[in-house]
Amino acid sequence: MLLLMLVAATTLRLCPLARAQPLCRIRTVRTGKVFHVREQIQGDRLYSSSGTTRLMKHPCKKNIALYLGRQVFLTKNSFESSLLPFSIPTSMQVGIPEVTSAHFAGSVLLLVVNRKVYVYDYEANSWNASTGVEHPVSHISGDNCCYSGNSFCMDISNSVFAYLHGDQISQANIYFSNTRGYRFQKYSQERQAELVGSLGGIFYFYSLSQVGLLLVDQRKAMFGYSDHPLNRSFGLPFDYNGTLEILTAPGQKGILIFWFEKSLLVSRNAGQLVNPVQVREGQHILYSSIFEANITIHNVAANENELAVLTRENNLYYGSLGILSSSLIKFADQNIWSEEAVLMFTDVGMLEILTPLPDSTFPAFDFQKCPVNIQATLMDPQLQVDVCKVELLQGEFENKMYTIDMNSELELTALMIPRPGTSPVPLVMVSNPHSLGLQAVIYEDGYTYDGDTKHRVVSSPYPYPPQTRINGRGARP
Ligand SMILES: *[C@@H]1O[C@H](CO)[C@@H](O)[C@H](O)[C@H]1NC(C)=O
Ligand SMILES: *[C@@H]1O[C@H](CO)[C@@H](O)[C@H](O)[C@H]1NC(C)=O
Ligand SMILES: *[C@@H]1O[C@H](CO)[C@@H](O)[C@H](O)[C@H]1NC(C)=O
Ligand SMILES: *[C@@H]1O[C@H](CO)[C@@H](O)[C@H](O)[C@H]1NC(C)=O
């Protein structure tokens, strides 16, 4: 059985602008503090090690998120209530309750606390220490597949790696779990012992059916892959100027975001090519990288299609994670940055700047929120954002998962309505050209009630015969 992954892209462009009105209006969430019931914090209060603040959203469960900073907060309602700082039961005996990495795997939250892996089932409210990890680890990585009811999809959410960032790759202790982190086994990649450099991370890239190992050597990094045909060479080397945080954009499209204070890079093909994100003004490239733009990144948020960056200089930058290129535009100045602030996409085109507020009379923190309506902001003519050339692009395959066998057929169709007077060309791609071929046709298909032409895009992916195909696992169209 073969699963496939397809990415349909449009010529949708960012549509931007700067303006005098505030970017967002602040509100504060404060709940449950009318009665003087003093809740107590039980256990050891967790904190994040890096001295920076991070926010992790559950890719499949919209309202579940983890805030990592000087305090840690776990919310099940998008921070719509005041919260006690998150803690780990003293019975877990973690020692120093310092969190270096966290990951949602289905219905559990995995945390690396004091170099060990712990599992918190937030539905059952139960904690377990992972078994099988015999060396200190600092990081965990994994992905989530949100198309429920499919066993391939379940496998994706169950699979997790644990490792020590910065270990010498040749002798690095890497662990793999297919039980959502409850039990780990030693993992090693073929010819790992011959590799030179330190370990920058390890990821299962479902869009390519490969495990990618990030090798870091003297301010350059590149991915080594596990399986034929990519195991013959490496991905192209890219600048590794600081310790890069690596985000996997949701949706199994192979989009990766790499960042630290002075660097921001994006890959659209699971690390084979990694490029710096440019900074634009209108159609103009102002800077070819964040380094050149001399800005200091405080926090980065991404969803399936969008990227937002908050800088210490108090600016918000926004860009789309398009198939063709990634660039950021700067939104109007507003006093939005603080050491505790993080960015969170609440929906497509809706971004929130979130800041926990301590309360001198209650142990529970309140949350300050400043919601930014990206679409409305982009309408500002000063941002000189190009108009979108597409009024509608819709495929019935969106958010669905299909499987195809050898010699079987699959046909996927999408409807596109171009903006009058424009003629965008849709681009249909497969994420793993080593195992899937593709035919795509586009034809006019009548008119809308408004008289706009409808276009139908039909793509027929087909698996390559086994002798030319590699391990054919992937995710979804
Ligand atoms: C979690 O720990 C409890 C008690 O320590 C044990 O009974 C249970 O089997 C563990 N759960 C898993 C999934 O390993
Ligand atoms: C690549 O992987 C295939 C199996 O997936 C293996 O047979 C082959 O020896 C590997 N090649 C290298 C250069 O490691
Ligand atoms: C890394 O740093 C060098 C200078 O030290 C700079 O030229 C390069 O652009 C930086 N790369 C990135 C991706 O920021
Ligand atoms: C970079 O920004 C800092 C402060 O924002 C400034 O002091 C410095 O001169 C800038 N460097 C360059 C090369 O523009």
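1. Val 29 has Phe 367 of strand E34 as its bridge partner. The two strands concerned, E3 (residues 27-29) and E34 (residues 366-373), run antiparallel and are joined by three bridges. Strands here are DSSP runs of E of at least two residues, numbered from the N terminus, and two strands are taken to pair if DSSP finds at least two bridges between them.

2. The model is predicted: local features need pLDDT of at least 70, side-chain atom pairs count only at pLDDT 80 or more, and totals for chains, interfaces and linings use all residues. Residues are numbered from 1 along each chain as its sequence is written, while chains are lettered from A and ligands numbered from 1 in the order in which they are written.

3. Strand E34 also pairs with strand E33 (residues 350-357), in the antiparallel sense and over eight bridges. Within this pairing, Leu 351 is found opposite Val 372 of E34. In general, strands of a sheet pair through backbone hydrogen bonds, either parallel or antiparallel.

4. Leu 55 stands opposite Tyr 67 in E7.

5. Which peptide bond is cis? The bond from His 228 to Pro 229 is cis, with omega near 0°. Pro 229 belongs to the loop between strand E20 (220-225) and strand E21 (238-239). Most residues other than glycine have a negative phi, and most peptide bonds are trans.

6. Arg 115, although not a glycine, has a positive phi of about 70°. This residue lies in the loop between strand E11 (108-113) and strand E12 (116-121). Arg 115 counts as partly exposed because it has 16 C-beta neighbours inside 10 Å. (A residue is buried with 20 or more other C-beta atoms within 10 Å of its own, exposed with 12 or fewer, and partly exposed in between; C-beta atoms are placed from the backbone.)

7. Ala 270 is likewise not a glycine, yet has a positive phi of about 55°. Its place is the loop between strand E24 (263-267) and strand E25 (275-276). Is Ala 270 buried or exposed? With 28 other C-beta atoms within 10 Å, Ala 270 is buried.

Key
Helix = DSSP H or I, 4+ residues; strand = E, 2+ residues; numbered from the N terminus.
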